[in-house]
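Here are my notes on this one, written as numbered points. Have a look at the structure first, then read along.

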Amino acid sequence: MLLHLLLPGLGHMFWREYLFGVFIFLVMLMAGALFVLSLFIALPVYAQLIVWGLPLAFYLVSFGDLFRTVRGRQIKHPQSPRKARIYGAVAVAYQLLWPLAPVNFAWQNAPDVFVLESNNLAPLFKSGDLVKASRLSYMVNTYFVDKPIFHSLPDRFDIVRFRFDSTELSGIVIGLPGEDIEIIGGVVTANGVPQLQSSATSRLVNGDWPLATAGGYSLLIAYPELGQVRDVYEVPITDLIGKMEKLL
């Protein structure tokens, strides 16, 4: 059961059901690929349920089939501890090395969790809050590609964590790639068009800021302080850490 949990199909292969084990592995491999693909394509809810739900249901049912196989074969065809250790090593290596394996994927894409040290985003985020910056909101990291693979850009007025001159900061996205941005009386204008979204986040953007332009692969991120925009940073999208959400 543990082998099957770590590497779908390996439990069946251990008990010499090689074809069915390979079939299970290929189904789950395609399910993992479809999950990553779904990050790049907007799917309706029912399509997501089909893409993720059917392979998951099949995987859960396969545990029952494996239980039946073990009960029928463990007395007549016992397996050696050495074989178990070899299969176990393969399963652990799969989880650590394969990009779509849950352990490797979670390790590469785990959110940054930190304690906020500034009140610049109060009252939404206060100093001392436990916060996470979720990478998966915008990107997928894999060990075989040096830079993150973006599946979407932040929306205007998203609160994000980013790097600037080797320092990690938190701010509000006000400009997307290629936009001319100006703040007049707390109203953000993008390419001359006022952005009048009314939200708790947009109300943190107050004051004035002169015209600034985001590069083709950059964002403009406002850093508010004491109720006013203190700075606006031009941040390459590769320096984006993730979307901020409060934990505690």
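1. Start with F162 and Y233: both are buried, meaning under 20% relative accessible area, where exposed is over 50% and partly exposed is in between (1.4 Å probe, protein chains only). Keep in mind that this is a predicted model, in which local features need pLDDT of at least 70 and side-chain atom pairs count only at pLDDT 80 or more, while totals for chains, interfaces and linings use all residues. Residues are numbered from 1 along each chain as its sequence is written, and side-chain values use heavy atoms, with hydrogens and water left out.

2. F162 and Y233 also form a tilted aromatic pair, with 5.7 Å between centres and 50 degrees between planes. For the rule, rings of Phe, Tyr and Trp (its six-membered ring) pair if their centres lie within 6.5 Å; planes under 30 degrees apart are stacked, over 60 edge-to-face, and the rest tilted. F162 is in strand β5 (residues 159–164) and Y233 in strand β12 (residues 228–236), so the pair ties together parts 71 residues apart in sequence. Strands (E, at least two residues) and helices (H or I, at least four) are DSSP runs, numbered from the N terminus. F162 and Y233 share one aromatic cluster with F164 and Y223.

3. How many aromatic pairs does the rule give? The count is nine. One of them is F20 with F23, which is stacked at 6.3 Å centre to centre and 25 degrees between the planes. These two sit three residues apart in helix α3 (residues 18–40), so about one helical turn separates them. F20 is partly exposed at 31% relative accessible area, and F23 is partly exposed at 44%.

4. Now the rest of α3. The buried residues here include G21, I24, V27 and M28. The buried residues of α3 pack against α1 (2–6), α2 (10–14), α4 (45–73) and α6 (102–109), where contact means heavy atoms within 4.5 Å.

5. A cis peptide bond, with omega about 10 degrees, joins A122 and P123, and P123 is in the loop between β1 (112–115) and β2 (130–134). N191 is not a glycine, yet has a positive phi of about 55 degrees; N191 lies in the loop between β8 (187–190) and β9 (193–195).

6. Is L226 buried or exposed? L226 is exposed, with a relative accessible area of 83%. Its phi is positive too, near 55 degrees, and L226 is in the loop between β11 (218–225) and β12.
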